[in-house]
Amino acid sequence: RVEARNNFNLTLKGRARIFEIRMICQSGTPLFLSMNINPIFEKGEVVGAVGIARDITQRKKLEQEITDLKNFNESIIQSMGAGLITLDLERRITSFNNGAEEVLGYKNDEVVGRFLDEVIPNEESRKLLPDVVSQNNSLLTREIELTRKDGSRVFVGYTITPRIDNHNLKVGTIISFRDISQIKQMQVEVVRMDRLASL
């Protein structure tokens, strides 16, 4: 009510106003309206106002559903155990989930907006995502050793998939990966034990 009253008072001072309000119907359900109020002039003075209201309840409902869906997807991405990095077509990082932070040691706000080559050493990033793969729509799974922020090394198993928009056009790349350092260490240990057994 305060917002509606303030906009109405501004209209009476000669300023047209467009704003949204929320009302409660007699049934108790909320109603969202887009209000357009224009002053009525007579001999240079404002003598009244004319308003047009448009029901935008359905639009508001859709906006809320989109927001809820976005939050739901974001919570899944952030809570998944694997690291997830998304890139645009120029290899610029567009998202970096909690799993990626844990494996590589960087924080989201440190890397989003930067090129992959600036975060991961150039030679490693080219092995991780060769140019020929970035132009290919096939899924690719590999293993690689990467340098973390603190300079330590970590083995990861990763999958590269294209990011496709609603028009079936490639708009980027998705890199999903998991720390497999312990598995690699176990493999080395198994090989060592096999050699000892042979001896």
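This is a predicted model: local features need pLDDT of at least 70, side-chain atom pairs count only at pLDDT 80 or more; totals for chains, interfaces and linings use all residues.
Let me begin with a definition: two strands count as paired if DSSP finds at least two bridges between them, and strands themselves are DSSP runs of E of at least two residues, with helices being runs of H or I of at least four, both numbered from the N terminus. With that in hand, Ile-24 stands opposite Pro-30 in β2, and β1 and β2 pair in the antiparallel sense over 8 bridges.

Residues are numbered from 1 along each chain as its sequence is written, and side-chain values use heavy atoms, with hydrogens and water left out.

Taken together, the strands make an open sheet of 3 strands in the order β1-β2-β3, with antiparallel pairing. Because β1 (17–24) and β3 stand at the edges with a single partner strand each, one side of each is left without a neighbour in the sheet.

Now to the voids, which were searched for on a 1 Å grid over the protein atoms alone: a cavity is a set of points where a 1.4 Å probe fits but cannot get out, a pocket is an open set with protein on both sides within 12 Å along at least five of seven lines, and lining residues have an atom within 4 Å of a point. Grid points are joined across faces, edges and corners, and a volume is the space filled by probe spheres set on the points.

How many cavities of 30 Å³ or more are there? The count comes to 1, and the largest cavity has a volume of about 40 Å³. Its lining includes Ile-85, Leu-104, Tyr-158 and Phe-177, and β7 (153–164) and β8 (170–179) are the elements that give two or more residues to that lining.

The largest pocket, by contrast, has a volume of about 220 Å³, and among its lining residues are Glu-74, Gln-78, Phe-96 and Arg-163. The elements giving two or more residues to this pocket lining are α2 (57–79), β4 (83–88) and β5 (93–96).
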